[in-house]
Amino acid sequence: MTDLDPSWVLHTRNYRETSLLVDVFGLHGGRYRLIAKGARRGKRNQRALLQPFRGLLMTTRGRGELRTLAAVEDSGASHELQQERLACGLYLNELLLALLPRFEPAPDVFALYGHVVAGLAAQTPPAPSLRAFELTLLETLGLAPDFTVVTRTGEAIHEDGCYAFDAGGIGVAPQGVNCLSVPGSALLALAERDFDTEPRAQRQVLAALLQGPLGSRELRSRQLLAQFRELASRTGPRMAAPEQTYNHEPDTSEERDQ
Amino acid sequence: MADTLITELTEHLCCLPGVGPKSAQRMALHLLERDRGGGERLAATLASAMRDIGNCSRCRTFTEADVCARCLDPERDARVLCVAETPADVMAFERSTDFGGHYFVLLGNLSPLDGIGPKQIGLDLLQQRLQNEALDELILATSATVEGDTTAQYIAEMARVAGVRISRLAQGVPLGGELEYLDGGTLQHAFQSRQSLG
């Protein structure tokens, strides 16, 4: 890759005395890991650039599993996330690190990632954009079922119906303990990418689908989000001011951890 | 019998940061050839340090006592607590600033992607201190990274719950920094946290 690839840093980790290991999500490069040699030494000031939620342009060297950073520039988009929204941003990064295969470009996910991060910084209600991101990621991974039909029979979903849902797909009636019972309207809304209808059911459906490839792995950023919320619920009115939109929005991912 | 001790010594010296096999061999040979006394003293001190040094029960920094000397110092202001990331940071603050309060050392940062949560960085102990001590101010001295931000914001929430005044180290233009060469993020911070003059 010789051209500057629009990229986001997902995570960084110190490596040796002065270097950084960086997990990157690039428009053309997909998700990969690179080493930024000497990035922690003051002179090159790359440490300031190589931060999550900053839009970057990157060039890398090498073809193997671990690439080397050749050049990095600021692309102008820098987002500062606060409190719970920071945990939401880390959630996006953790999802990508856990689920996106390496070196496979995912342009749809990439495009949405920038919008979602900008939305998290702009204090718009985060839940709809988080759901959109989860759904797009599932579609890219080929894990999103057709939400308009019952998976096995192909029978059309009715708005007023109630359907069983598990990682295997959509069934006619709720069965078993691990099966969600989902209103048809929630599924049809998902097919339409309308994330304001039955938000809680939609969140549960998408979480169940994501848990499939995650297996028994728990997402730590979800735990952190829950801990942030627990603290915020104990704080007085001081917290309420900047978080008003969020707190008044019942469709946020608030129950994601419950 | 092969010279396994020399090999072992060389291998074990490689656990030091920045020391590869070649430097390790040089160190081992230096001690054996020129400074056996120094080597023995190093071995004895290293053994007792590894055995006896633990964490201060109040601030979590490294100490062989239950409570470190800095926490016991009556000259220090017990109403101001500075939350630092590492003992090295504390040493830097002591060297270069006139801060005279107490410290709390996290020994890390909140980083869910590395599996590090509030418990691992001792926030349960900090919570107890916030509740039990009459603190006037909590100074957050965490790095200007996403992990440092996460940690600072989390602790700020804890301090708000406890009703303690919170401040964070300023972020912006470094001394001797020319604005033209500053990255956009730093510049943005500098603008947001500008100070009024006069």
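Leu31(B) lies in helix 2 (residues 21-34) of chain B, where helices (H or I, at least four residues) and strands (E, at least two) are DSSP runs numbered from the N terminus. The model is predicted, so local features need pLDDT of at least 70 and side-chain atom pairs count only at pLDDT 80 or more, while totals for chains, interfaces and linings use all residues. Residues are numbered from 1 along each chain as its sequence is written, chains are lettered from A and ligands numbered from 1 in the order in which they are written, and side-chain values use heavy atoms, with hydrogens and water left out.

Leu31(B) is partly exposed, with a relative accessible area of 22%; buried means under 20% relative accessible area, exposed over 50%, and partly exposed in between (1.4 Å probe, protein chains only). Leaving aside neighbours within four places in sequence, Leu31(B) is in contact with Arg36(B) and Gly39(B), contact meaning heavy atoms within 4.5 Å. From Leu31(B) to Val80(B) there are 49 residues in sequence and 46 Å in space, C-alpha to C-alpha.

Chain B also holds an open sheet of four strands in the order 4-3-5-6, with parallel pairing; two strands pair if DSSP finds at least two bridges between them. Strand 4 and strand 6 (165-168) of chain B stand at the edges, each with a single partner strand, so one side of each is left without a neighbour in the sheet. Neighbouring strands of this sheet are turned by 25° against each other on average, direction ignored; axes are lines fitted to C-alpha atoms, for helices over the stretch in contact, and angles run from 0 to 180 degrees between N-to-C directions. Strand 5 and strand 6 of chain B pair in the parallel sense over four bridges, and Leu140(B) stands opposite Arg168(B) in strand 6 of chain B. Helix 5 (residues 87-96) of chain B packs on the sheet, touching strand 3, strand 4 and strand 5 of chain B, and its direction makes about 160° with that of strand 4 of chain B.

Helix 6 (residues 123-132) of chain B has Leu123(B), Leu126(B), Gln127(B), Arg129(B) and Leu130(B) buried. These residues cover an arc of only 165° around the axis, which puts them on the same side of helix 6 of chain B; the arc is that of the directions from the helix axis to the C-beta atoms. The face turned away from the buried side of helix 6 of chain B carries the exposed residues Gln131(B) and Asn132(B). Partners of the buried residues include helix 7 (220-234) of chain A and, in chain B, strand 3 (77-84) and helix 7 (146-162).

Turning to the interface, 29 residues of chain B are in contact with 35 residues of chain A. The two chains bury about 2,600 Å² between them, 57% of it on carbon and sulfur atoms; buried area is the accessible area (1.4 Å probe) that two parts lose on being put together, summed over both. One salt bridge is counted between chain B and chain A, a salt bridge being a side-chain nitrogen of Lys or Arg within 4 Å of a carboxyl oxygen of Asp or Glu. The side chains of Arg13(A) and Asp114(B) meet in a salt bridge at 3.1 Å, N to O.
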